[in-house]
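User: Hi, I'm new to this one. Could you walk me through it?
Analyst: Happy to, here it is.

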Amino acid sequence: MVNAVATQAAERAAHSPRPTAPAVDGRGRARRRQVLVAYLFLAPTLLFFAVFLLLPLGFALLLSMSRWAGFDLGGIEPAGLDNFTGLLTDGSTFLTPILTNTLLFALGTVALALAGSVLVATCIDHLRFQGLWRTLYFLPIVTTVVAVGNVWKYMYEPGGLVNGVLNALGLGSVAFLQDPDTALPSVVVVQAWASVGTAILVLTAGLKSIPQSYYEAAALDGAGAATVFWKITLPLLRPSLLFVCVTQFLTGLQSFALIIVMTRGGPGDATDVAALEMYRQAFSYGDWGTASAAAFVLFLVVLLVTLGQLWFFRRGGEDA
């Protein structure tokens with residue numbers, strides 16, 4: 001019976017009329033209309049990106065290979081790769097100390113923020129009123145950089161809070177922002193403190209996504225707290241750690257506002273970073289070509305660092 005039904009169905013399918021060419025053309029026209037409607041809906045977004053992303057990017061690329069003092073577009077003069085050559089030749093202050101300071105600032109920020117956020121997020125995960133603690137640590141994020149920088153600047157003063165605590169402990173005062181050896185680490189601490197709230201939110205969300213069954217199995221096996229942290233918590237936090245590392249590194253490499261509020265690149269060039277140098281070249285010295293070239297060099301550094309982080313985290317598995 002089943003074979004008879006199947007045979008009849010096959011015969012009907014064989015004798016049924018096949019789609020004609022006009023039907024196929026009609027479906028093609030309908031498909032093209034759908035694509036056209038989709039692009040019409042996307043047009044405002046595409047126009048926004050073209051005006052505020054592609055055009056500025058193209059103009060910056062043009063300026064990086066030109067000499068221009070600003071304002072008068074007719075004053076743009078071709079310079080080839082001279083701006084890049086001036087930045088990357090031996091003896092250039094952009095490589096040392098500016099780019100070096102930028103990398104050290106970003107590395108220090110990532111190290112402190114990551115270590116502090118992992119520690120605090122793990123502690124919060126075992127406390128009551130977790131929402132309250134996350135809110136308290138997130139408060140510096142909603143505070144303006146100018147306010148944060150000025151508050152810490154006064155705290156670092158010889159008569160400020162930090163030196164007051166050191167004096168109370170029997171230690172001498174430290175010229176945090178006036179000494180070239182301590183200026184950059186002092187600003188790194190402030191940047192890490194100000195950004196640790198976002199990292200805590202990401203890591204606490206990552207901790208919540210870890211199944212409790214792993215911890216229950218570890219408890220049955222008699223694993224200690226340190227073993228559970230190193231063998232279960234950290235490996236399963238890899239996606240969250242990757243996100244925190246990448247975002248913190250990007251923030252550190254592009255830092256500008258906190259530096260200009262607290263030190264203005266001083267003392268000397270101890271805290272001079274790439275973003276601050278670009279600002280000076282463009283707005284103080286009127287050399288927009290060099291500023292644009294420095295921006296593209298910084299972009300290349302950011303890209304290489306980000307790719308390196310992705311490779312490091314993903315080499316142990318695709319889930320990171």
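Analyst: Let's start with a term: a salt bridge is a side-chain nitrogen of Lys or Arg within 4 Å of a carboxyl oxygen of Asp or Glu. Please keep in mind that this is a predicted model, where local features need pLDDT of at least 70 and side-chain atom pairs count only at pLDDT 80 or more, while totals for chains, interfaces and linings use all residues. Residues are numbered from 1 along each chain as its sequence is written, and side-chain values use heavy atoms, with hydrogens and water left out.

User: Thanks! How many salt bridges does that rule give?
Analyst: The count is two. In one of them, aspartate 82 pairs with arginine 67, at 3.2 Å from N to O. This pair links distant parts of the chain, 15 residues apart: aspartate 82 is in helix α3 (residues 82–88) and arginine 67 in strand β1 (residues 66–67). Helices (H or I, at least four residues) and strands (E, at least two) are DSSP runs, numbered from the N terminus.

User: What about the inside? Which residues touch the most other members of the largest nonpolar core?
Analyst: Leu87, Phe94, Leu114, Val118, Leu203 and Leu241, out of 32 residues in that core. A nonpolar core is a set of buried Ala, Val, Leu, Ile, Met, Phe, Trp, Tyr and Cys residues joined through side-chain atoms within 4.5 Å. The elements giving two or more residues to the core include α4 (94–124), α11 (238–253) and α14 (288–314). Helix α4 has the largest share, with eight residues.

User: What does leucine 203 touch?
Analyst: Leaving out residues up to four places away in sequence, leucine 203 touches Ser117, Val118, Ala121, Leu237, Ser240, Leu241 and Val244. Contact means heavy atoms within 4.5 Å. Another core lies apart from the largest one, with 20 residues, among them Val148, Met155, Leu177 and Val190.

User: Where is serine 186, and is it buried or exposed?
Analyst: Serine 186 sits in helix α8 (residues 180–208) and is buried, at 4% relative accessible area. Beyond its neighbours within four places in sequence, serine 186 is in contact with Tyr156, Phe176 and Leu177.

User: Last one: where is leucine 136?
Analyst: Leucine 136 is in helix α5 (residues 130–142) and is partly exposed, at 43% relative accessibility.

Terms used:
Buried means under 20% relative accessible area, exposed over 50%, partly exposed in between (1.4 Å probe, protein chains only).
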